[in-house]
Amino acid sequence: MGNMDRRCGIWFDKATVWRAELLALREILLHGPVDEAFKWRGPVYTAHGGNIAVLWAMKHQCGLGFFKGALLDDPAQILVAPGPNSRATRMIAFTDVATIRAQADVITKYLLKAIENEAAGLRVTFAKDDLDLPEELNAALAADPVLNDAFMALTPGRRRGYILHFAGAKQAKTRAARIEKWTPLILQGKGMHDR
């Protein structure tokens, strides 16, 4: 059984939605060779120095996400991308404890394969990112060399997150306001979800 993080215990104790399901998933995960850590305001399961899995509580379901799930074979056909812009992460969605218990062996197999992939140093290979920078972002980067350098120094995933967020606004005024709002975090070298 892996090391458990006290802060995760508090998180589970405070869970108001999907608590029984999340605890059932935690039990399965902790029987694997992983350590539990508290990251991004929730439980994350690590091995060989890398993030392996994460638990999510959402409105209509809870989920077990695999950070490099795109590398996993999925003979049970239960892995899905958590969103339309997800490239590496895959998740399994649940709405009841019975399904979790019925799929415990499959979950364990996927977990062990994810750990094996991490130990082997496997990485998800992304196609060249073909996202165009919004006009307002191009203007902001051209006007501020420090911001340009900070933006270009971000990891590809962080840059992608910002580009998708900025470009998602329909109006130029909103795109410009979003860029202004997030500039301090970009200058700190952080992504939108970093704290």
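**The cavity and its surroundings**

Author: Asn51, Ile52, Phe67, Lys68, Ala114, Asn117 and Glu118 line the largest cavity. Here a cavity is a set of points on a 1 Å grid over the protein atoms alone where a 1.4 Å probe fits but cannot get out, and lining residues have an atom within 4 Å of a point. This is a predicted model, where local features need pLDDT of at least 70, side-chain atom pairs count only at pLDDT 80 or more, and totals for chains, interfaces and linings use all residues. Residues are numbered from 1 along each chain as its sequence is written, and side-chain values use heavy atoms, with hydrogens and water left out.

Reader: What volume does the largest cavity have?

Author: About 50 Å³, counted as the space filled by probe spheres set on the points, with grid points joined across faces, edges and corners. The structure holds one cavity of 30 Å³ or more.

Reader: And which element gives the largest share of the lining?

Author: That's α4, with three residues. Both β3 (50-57) and α4 (104-119) supply at least two residues each. Helices (H or I, at least four residues) and strands (E, at least two) are DSSP runs, numbered from the N terminus.

Reader: How many of the lining residues are nonpolar, polar or charged?

Author: Three are nonpolar, two polar and two charged. Ala, Val, Leu, Ile, Met, Phe, Trp, Tyr, Cys and Pro count as nonpolar, Asp, Glu, Lys and Arg as charged, and the others, Gly among them, as polar.

Reader: New topic: which residues of α1 are buried?

Author: Cys8, Gly9 and Phe12. They sit on the same side of α1, because they cover an arc of only 105 degrees around the axis, taken from the directions from the helix axis to the C-beta atoms. Buried means under 20% relative accessible area, exposed over 50%, partly exposed in between (1.4 Å probe, protein chains only).

Reader: What do they pack against, and what's on the other side?

Author: The buried residues of α1 pack against α2, β1, β2 and β3, where contact means heavy atoms within 4.5 Å. On the other side of α1, Arg6, Asp13 and Lys14 are exposed.

Reader: What about Trp18, is it buried or exposed?

Author: Trp18 has 18% relative accessibility, so it counts as buried. Trp18 is in the loop between α1 (6-14) and α2 (19-30), and its phi is near 60 degrees, a positive value in a residue other than glycine. Most residues other than glycine have a negative phi.

Reader: And where does Trp40 lie?

Author: In the loop between β1 (35-39) and β2 (42-47). Trp40 also has a positive phi, about 55 degrees, but Trp40 counts as exposed because its relative accessibility is 52%.

Note on methods. On a 1 Å grid over the protein atoms alone, a cavity is a set of points where a 1.4 Å probe fits but cannot get out, and a pocket is an open set with protein on both sides within 12 Å along at least five of seven lines; lining residues have an atom within 4 Å of a point.
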